[in-house]
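Student: I would like to go through this structure and ask what stands behind each label.

Tutor: Go ahead; each answer will set a value against its definition.

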Amino acid sequence: MTTRVSSVIELDDVARELAMIELNHVTKRFDSGLLALGGVSLSVAQGEFVTILGPSGCGKSTVLKLVAGLVMPTEGTVVSPAQTDQTGRSTAYVFQEPTLLPWANVFDNVWLPLRLQGQSRFDANVVITRVLEQVGLGEFHHTYPAQLSGGMKMRVSIARALVSQPQVLLMDEPFAALDDITRQRLNVDLLKWWHGQSMSAMFVTHNVAEAVFLSQRVLVMGARPGKVVAEVQIEQPYPRDVSFRQAPVFIHHCQTLTKALDEASSVGMQPR
Amino acid sequence: MKLGNIFLPTAVCVALLLGWELFVWWAEVPAYTLPAPSAVIQSLVANWSSLAGSWWFTVKITLSALGLACLGGVLIASVFALSPSTERALFPLAVVLQVTPIVAVAPLMLIYIESTMAALLLCAWIVAFFPILSNTVIGLRSIDKNLLDLFRLYRATPWQRLALLRAPSALPYFLAGVKISGGLSLIGAVTAEMVAGAAGRDTGLASRILEASFRTETPKMFAALLLLVATGVMVFLILNFLSRKLLVQQSSFE
């Protein structure tokens, strides 16, 4: 491992103090017997943008599901707002597919989180209109998902996540199915939407450039069983725009992470 | 295009009826063998009072059976969806009910059930409920797992999950089942009545057909048949219209 990649077993003391999310030595074994996670420790501070980068099948998604409280750890502890939240407002989740209700129009899809918390369409109108304006879908209140492009559907999905003003935004490869231009545009926009809200973001991807562009910190995960094998700080201030992609520091981080990802992936290839 | 859609089938129908009429007239076929379409219409008008009452009886059985099939199918499907072990226990029974020819079961039903109307209703129901049941079970199963997770994350109540996720997800499947069941409930109602062979006032079109056949009133048989066909087509059109209305956002753009 290179010197630029620090070990993550020792959590940064500052991060620990402000931690919004904390996983301590978490293992997860599924009913099938598969050991998905083998001792994962990480923390995410309030307002921090952290990306988990790893090869397919390394348990990246399982980490997000643990943070969301949708999956319980086999061993270890998970601390996150979703664990104690009774209202369902603390955490939002964006899946790889847009996961919209096909029978509801854009407005009603974005209304869903507030509706489940008992807000009427009328009460929620102002905030939904604002969020749809923000994601560039101000004209599409009454459009149905099937009429939208993949990128626009993903914008609706993110609008639905933002509308409840969560403390934690979890994103599981949200742009993996999109073409590269749409993905890059959404990366720029996502940072705009996230920046200025005190929301912690956890983003899962296997795309190195995306990880570097978006995050303050990148955690590299290895497979079988999944664990964090490297951590890289991206100390570029926000707002970041397209020019960051040409900067030497961007390319340098990409190289570092590609190497780390390569090492992490080859671990999984060895016979056990 | 639109004009052709209506014009072509109409032209074919008219041509067929005209050919039939001319053939009967030209070959001098007696009415008790093959009545001309005009004779069928005359018979329909002449026997209207007895046929209309029977038609209403058959419609009542058909629609009640369809209504009960919707209710029963959805209820049983919900139980199956909630409890897989119940489904494993009872699904074979539903299949047995489905595959047994209703003509063979109807005589037994008539023995065990005193009221003929109830027996007819049960027969029609048995034929009609299965497509609704199996489709709704598939519909309730095919709910997006991520959406279920999302509802859990937002702390949705069981009632919200049913009303806002499960029911609308299963709706297209349910409606596809209802469209099949609509035709089947008419078939079930007529078949059972054929077997029952009941005479008297409170009987359906099948009894009129049997009765007319005993008296070799062939034009009346055709008239009753015409009403049955019209009923079947009407049920189909109404269900098609309803399902198109209910699924307007989902089906037209995918």
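Student: How many helices and strands does chain A have, and what makes a run count as one?

Tutor: Chain A has 9 helices and 9 strands. Helices are DSSP runs of H or I with at least four residues, strands are runs of E with at least two, and both are numbered from the N terminus.

Student: Why is chain A called as compact as a globular protein of its length?

Tutor: The globule rule is 2.2 Å times the number of residues to the power 0.38, and the radius of gyration is taken over C-alpha atoms. For 272 residues the rule gives 19 Å, and the radius of gyration of chain A is 19 Å, so the chain is as compact as a globular protein of that length.

Student: What kind of model is this, and how are residues and chains labelled?

Tutor: This is a predicted model, in which local features need pLDDT of at least 70 and side-chain atom pairs count only at pLDDT 80 or more, while totals for chains, interfaces and linings use all residues. Residues are numbered from 1 along each chain as its sequence is written, and chains are lettered from A and ligands numbered from 1 in the order in which they are written.

Student: How do you know which strands pair with S7(A)?

Tutor: Pairing requires that DSSP finds at least two bridges between two strands. S3(A), residues 49–53, is joined to S7(A) by 5 bridges and runs parallel to it; A:Ile52 has A:Val204 as its bridge partner. S6(A), residues 168–172, also pairs with S7(A) in the parallel sense over 5 bridges, and there A:Leu169 is partnered by A:Ala201.

Student: What is the β-α-β unit that ends in S7(A), and what makes a crossover right-handed?

Tutor: S6(A), helix H7(A) (residues 180–194) and S7(A) make a right-handed β-α-β unit. With the strands pointing away from the viewer, the path from the first strand over the helix to the second runs clockwise in a right-handed crossover.
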